Amino acid sequence: MRTCAIVGARRARCQAGRECVAVCFAAMSRIETMQTTRLLLRPWREEDGVELQRLFTDPDVAGGRSLPADRIARLAESSVRQWRANRFGPWAAIDKVTGAWIGRIGLDALDDWPGPDKIEVGFELHKAWWGRGLATEGARAALEFGFECKGLERIISVTAAAHAAARRVMEKAGLTYRGTRYWMNPDVPVVWYGIDRAAWTAREAAPAFRAL
Ligand SMILES: CC(C)(COP(=O)(O)OP(=O)(O)OC[C@H]1O[C@@H](n2cnc3c(N)ncnc32)[C@H](O)[C@@H]1OP(=O)(O)O)[C@@H](O)C(=O)NCCC(=O)NCCS
């Protein structure tokens, strides 16, 4: 049983009565910013475009993707547009302790993805922040946000088949492998992972430990 981040009620109590669920959901659907243990995740702003350009100038972050400045600018614009149109989209991830801009994490509409489910959870962090579990922490928050606050039924995530770190983040966040295909680049196979609302709910309800 977890605490509802928005109205402060225990989730199991919220599920006990319909009225409570409705109130809880109405409150939750207005949520846009989330906090995790270490991250502040806030809606993307126009000025984050400058940070995104800086992020992708690191070739290790770009990871072989062709990301000229105009393409990065379009990514940033799309992030702002998604928030305006859907009331969700990618977050800017901020370190709670220092206020540092860490990267882009969160729900992202992959309009060109050739499958029926187009909302992905994505994550791109400055290298200095890798290897601390932050992408997984942010991805889990994005799943909770998508399922509990935005009523999504399935969330996917797509990466290059060879990108072991991104695949591991997806697995740790609870997504499972769904398939491999070519998309955008005919030389680079991509894998996609997914998680449904039911699987996410079951995973969240499972005890975190068991007695020996
Ligand atoms: C992918 C990325 C988001 C991961 O961020 P992160 O905060 O380091 O991720 P986490 O610490 O939550 O988890 C990473 C996991 O991958 C594992 N990992 C890292 N590099 C790996 C590698 N080369 N091979 C196998 N596993 C690897 C880590 O050990 C960790 O798993 P563990 O907890 O079981 O040990 C980060 O490297 C990044 O921003 N890369 C550049 C942008 C990018 O490629 N984004 C994904 C686009 S699809």
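1. Helix 7 (164–173) supplies the largest share of the shell around the ligand, five residues. Helices here are DSSP runs of H or I with at least four residues, strands are runs of E with at least two, and both are numbered from the N terminus. The model is predicted: local features need pLDDT of at least 70, side-chain atom pairs count only at pLDDT 80 or more, and totals for chains, interfaces and linings use all residues. Residue numbers start from 1 along each chain as its sequence is written.

2. Strand 5, helix 6 and helix 7 each give at least two residues of the shell. Of the 19 residues around the ligand, Ala135, Thr136, Ala164, Ala165 and Arg168 come nearest. The criterion is a C-beta atom, placed from the backbone, within 6 Å of the molecule.

3. By class, the shell has ten nonpolar, six polar and three charged residues. Nonpolar means Ala, Val, Leu, Ile, Met, Phe, Trp, Tyr, Cys and Pro; charged means Asp, Glu, Lys and Arg; the others, Gly among them, count as polar.

4. Helix 6 (residues 134–149) is mostly covered, with 14 of its 16 residues buried. Buried means 20 or more other C-beta atoms within 10 Å of the residue's own, exposed 12 or fewer, partly exposed in between, with C-beta atoms placed from the backbone. Helix 6 reaches 21 Å from first C-alpha to last, close to the 22 Å expected at 1.5 Å times one less than its number of residues. Gly151 follows helix 6, with a positive phi near 65°.

5. In helix 3 (residues 48–56), Asp48, Leu52, Leu55 and Phe56 are buried. They lie on the same side of helix 3, because they cover an arc of only 85° around the axis, taken from the directions from the helix axis to the C-beta atoms.
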